[in-house]
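Subject: Structure for you to look at

Dear colleague,

Please find below the structure that I promised to pass on, followed by some notes on what was found in it.

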Amino acid sequence: MAEKDDVSNGHLSKPEPRQVLSMKSLPVAFILLVFGIMWGVFMHIHIRWLLQWDKEPDRRDFSREARGQIEGIIFVLIAIMWIACYAQCIVTPPGGIPDTDEWKYKEGDSNSEVGEDVQHEKKKGGKRRWCKWCHRYKPDRCHHCRVCKVCVLKMDHHCPWIHNCVGFGNHKYFFLLLLYSVSACHLVSWGMVESVQLSIDVETPFWTMLALLFGES
C-alpha cells in the first residue's frame, strides 16, 4: 500500500531487496563465465597448439607458429576492447530527465502545452508527455523503465545481460560491445576449425575435445 502511495505522489518506488538485485546480476556473472571459458579454450588450447610449445624451436612449423601469434594478438586486442565496453555498458548511466523545476510535472501547469518547434512527441491533446511514475515531463524518445524504475533518455531497451538500460549515455558502448562480440565469435569459430578436426583425427583427452567442441559451438 505504501509503495502505491509513493507512486501516486510522484516518487520512485522503494529500492528492491538485496537478494532480488543479486538475482538480477546472475546474467552478468553468466556472461563473464562464458567469456572466461572461451578465453581459456582459445588461448590455452588452440593458440598453444599453433605455437607448438611442446616442440623444440627448430622442429616447429613456422607458418603455423606465425598464424598462432597473429590470431593470439588479434584475440587479445578484441578481448581487451570487449571487456572495456562491457564494463562501460554496466557502469555508465543511460541518461535520465534532469532534476530541475522546468521538467517537474505539476497539475494545471501552463508549460504543459508544447509547440512543434520544441517537442515532436506529445499527447493527442497537444500537451507534453509526462511520466505518471516519476512526475517529470518526458523529452522525445524518453521512456520509463519499470525494471530500473527511472525514465531513460533515448531508451532502446532494458538489457538483463548488462543489468542496465541501453539509452543515450551508453548506446555507443553497447553497439561496440556487439561489434566486438561478433568479431570474437567469428575469430574463434573459423580459427578453431583446424584444432577441432585435429582433436578428432588424433587421440585427444576427452575434456580437451569437449572444450574445443564447446568453443566451436
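A residue is called buried when its relative accessible area is under 20%, exposed when over 50% and partly exposed in between, using a 1.4 Å probe and protein chains only. Please keep in mind that this is a predicted model, in which local features need pLDDT of at least 70 and side-chain atom pairs count only at pLDDT 80 or more, while totals for chains, interfaces and linings use all residues. Residues are numbered from 1 along each chain as its sequence is written, and side-chain values use heavy atoms, with hydrogens and water left out.

In helix α6, which runs over residues 193-201, the buried residues are Ser195, Val196 and Ser199 (helices are DSSP runs of H or I with at least four residues, numbered from the N terminus). These residues cover an arc of only 100° around the axis (taken from the directions from the helix axis to the C-beta atoms), which puts them on the same side of α6. Ile200 and Asp201 are exposed on the face of α6 turned away from that buried side. The cover over the buried residues of α6 includes α3 (26-51) and α7 (206-216), where contact means heavy atoms within 4.5 Å.

In α7, the buried residues are Ala211, Leu212 and Gly215. Seen down the axis of α7, they fall within an arc of 100°, so they line one face of the helix. Among the elements that cover the buried residues of α7 are α3, α5 and α6.

Technical notes. Helix = DSSP H or I, 4+ residues; strand = E, 2+ residues; numbered from the N terminus.
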